[in-house]
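These are my notebook entries on a structure with more than a sequence to read. I record what I looked up, topic by topic.

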Amino acid sequence: VSRSALGFAGIHLLFAAAGMALLYALGFVSRLRHLLTALGPAYLAGLAGVMPVLILLMVLGVPIRAVEATVTATALTVALAATGFALSRRRPAPAPADDEPPADTAERWLARAGVAALGLYFAIGASAFAKLPAVGDDWAFWSYKGLVLYDYGGRLDQEVLTGAFPGPAHLDYPMLQPLFESILFRGMGGIHLQEWHIALWILFASFVWTVGFLFRSRGVGMPVLLGPLAALGLSPLAATWVAIGYGDVSVACFAAAGVLCVGLWLDGGQARYALLGGVLLAGAANTKNEGLTAAAAVLLAAAVVLFRTRRDGAGGHRWRAWAAAAGIAAAGALPWILWRSSHGLRNDDVPALGNSLDVDFLTGRLDRLSQAVGKLAAQLANQGAWIWIVPCFLVVAIVCLATGSARRQAAFYLGTAVLMMLSLYWVYWTGRLEARYWLEFSGDRVVTGVVFVSAVGLIHLLALVLSRRPPDGGRVRA
Amino acid sequence: VASRIPDRERFYFRAGRPLPPNGDLCVRFALLPRIQVRRPSQARFVVFWRGTPASAIAGLRRRGALVERFRRDYAVARLP
């Protein structure tokens, strides 16, 4: 086994260990056998939890190399495991297996076949993505920043990253993906731009695994899960964005997993779902600017649903859980926002709100809005790319709203998706780049997060509708 | 070009003809960990890319620069 392969595995296990400790502290895992079933979600949660801490340290001037990443991740693992141990003595930790619904033989075999097929697909994908070139945005900023961090001691205060010297495009973009790439290269003992795509593919696979894990933790049956999850996993554009090394799938994974956690929390879930959602949204906010707006959209939609929920009765502690999730997401996002602001780095493609919030300015560019609405809608309706995920979600969500079945959850997922779309429309409406050209090269990518949110919303709503329980009452189970 | 500039050195990039869209970014990325700078005065090396104007090369040589030309349109000058 080569040094690079060992380093690749070691760095991934480092983050998975921290994530597993987080899941243990939150009560999502409680038994040794869960170490395997929760490996995917542990990895996703580990990245979302550890990377914002590393970014905070980097913002504070600490160089982030393999040693610093290892020490930080290990310290977090130990602290979270100790917290989990202390909490587990005070309250029993529910475990996925405890909630699993009874399955008949046919369902059990369907589940095994589905999981095996998805596993095979992701394994083949990892092998196929082992030797891919760096193209487009990958070399223009994602891997560019990763290489600068790798070559120059894991420090942010490089002239290349502050704009003093010519450097990568989009200096304002968050640093989770480049920093992770540089840490991975250090672990592998050198620059492995081609193999880097495998890491992005593993992140995508871990998201699919996380969705399955979270729904199983609430007793959702595999027949409901497999169809939408397979559609998402097999969607050609998701694989394409991973293959070319862009950040759109990464941010969509964190954002959609965060949305799902908050959605499950709103659906009678314990506060631990909201807390895990906050961590995942912090990961999204640190991956791309769209992740920041997605986090805001999720929290705003959740707040509206909470505000509209009157019969809950336990408003106080629900709001405390919401505030905790919002606080975690904000604390994770702030270091990078403050650093880029203090260095005068901003997105030059979009004017400041002070300039764009002007009636004359906005009405003079309505043609741009019209183009954006048409182009982005066409992307969401591209079934060759996204395999009917969004139309199915819209149908189920609208039926739920109309019939009152799972209305709160439908409003939450639909509200989140709409807010995410509005933020995209705003960017194209007010942006400085020529609209047609801009939409042409980015329109198909920026909707990725909305599609992923639609996928988790579709599964959740289907589970609620098929469970035939009273609207908005009890727990998810189908 | 990369083989003629040591790692972590700073270079000034001088293109003889307009590059394709984002071509400057691509070259900058490919030359990492060498760092591009904005002005020749910040650089130890000058890269002539698809264009080696004789007057500029002669000027650098007069200042004591070591100029290595290669292929038809490329040169790297090591400044004194």
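**Entry 1. Nonpolar cores**

I looked up the largest nonpolar core of this predicted model. I found that the core has 166 residues. I noted the residues with the most contacts inside this core, which are F204(A), F207(A), L276(A), F412(A) and F452(A). I then asked which helix gives the most to the core. It is helix α13 of chain A, residues 248-266, which contributes 15 residues.

I next listed the contacts of F207(A), leaving aside its neighbours within four places in sequence. F207(A) touches L44(A), L232(A), C253(A), A256(A), A257(A), F452(A) and V456(A). I also recorded a second, separate core of 12 residues. Among the members of this second core are I5(B), F11(B), V47(B) and V76(B).

**Entry 2. Chain B as a whole**

I looked up the elements of chain B and found 2 helices and 5 strands. Read from the N terminus, their order is β-α-β-β-α-β-β. I then asked how compact chain B is for its length. Its radius of gyration is 12 Å, close to the 12 Å that the globule rule gives for 80 residues, so chain B is as compact as a globular protein of that length.

I noted that the C-alpha atoms of chain B fill a box of roughly 35 × 25 × 20 Å along the principal axes. Of the 80 residues in chain B, 48% count as buried. I also looked at the contacts in chain B with a separation of 6 or more, and residues 24 or more positions apart account for 67% of them.

**Entry 3. Salt bridges**

I recalled a general point before searching: side chains of opposite charge can pair when their charged atoms come close. My search of the whole structure gave 14 salt bridges over all chains.

I looked up R44(B) and found that it forms a salt bridge with E9(B), with the closest N and O atoms 3.6 Å apart. I asked which parts of chain B this pair ties together. R44(B) lies in the loop between β2 (35-36) and β3 (45-49), and E9(B) lies in the segment before β1 (10-15), so the pair ties together parts that are 35 residues apart in sequence. R44(B) counts as partly exposed because its relative accessibility is 33%. E9(B) counts as buried, since its relative accessibility is 19% and the cut-off for buried is under 20%.

I then turned to D24(B), which forms a salt bridge with R28(B), the closest N and O atoms being 3.3 Å apart. D24(B) and R28(B) are 4 residues apart in helix α1 of chain B (residues 23-31), so about one helical turn separates them. I noted that D24(B) is partly exposed at a relative accessible area of 36%, whereas R28(B) is buried at 9%.

E68(A) counts as buried at 17% relative accessibility, and R65(A) is partly exposed with a relative accessible area of 35%. I also recorded a network of salt bridges that links D137(A), D248(A), K288(A), E290(A) and R445(A).

**Entry 4. A buried charge**

I looked up D172(A), which is in the loop between α8 (159-162) and α9 (176-188) of chain A. I asked which side chain of opposite charge is nearest to D172(A). It is R340(A), at 4.7 Å. D172(A) is buried yet has no salt bridge, because the pair would have to come within 4 Å to count as one.

I did find a polar contact of 3.1 Å between the side chains of D172(A) and N289(A). Neighbours within four places in sequence aside, D172(A) is in contact with N289(A), W336(A), R340(A), L345(A), R346(A) and N347(A).

I looked up V115(A) in helix α6 of chain A, residues 105-128. V115(A) is partly exposed, with a relative accessible area of 47%. Not counting residues up to four places away in sequence, V115(A) touches M222(A) and L226(A).

L56(A) counts as partly exposed at 36% relative accessibility. I noted that L56(A) and R432(A) are 376 residues apart in sequence and 31 Å apart in space, C-alpha to C-alpha.

Notes
Residues are numbered from 1 along each chain as its sequence is written. Chains are lettered from A and ligands numbered from 1 in the order in which they are written. This is a predicted model: local features need pLDDT of at least 70, side-chain atom pairs count only at pLDDT 80 or more; totals for chains, interfaces and linings use all residues. Side-chain values use heavy atoms; hydrogens and water are left out. Buried means under 20% relative accessible area, exposed over 50%, partly exposed in between (1.4 Å probe, protein chains only). Contact means heavy atoms within 4.5 Å. A nonpolar core is a set of buried Ala, Val, Leu, Ile, Met, Phe, Trp, Tyr and Cys residues joined through side-chain atoms within 4.5 Å. Lys and Arg count as positive and Asp and Glu as negative; His and the chain ends are not counted. A polar contact is a pair of N or O atoms within 3.5 Å; within protein, one must be able to donate a hydrogen and the other to accept it, and residues adjacent in sequence count only if both atoms are side-chain atoms. The radius of gyration is taken over C-alpha atoms; the globule rule is 2.2 Å times the number of residues to the power 0.38.
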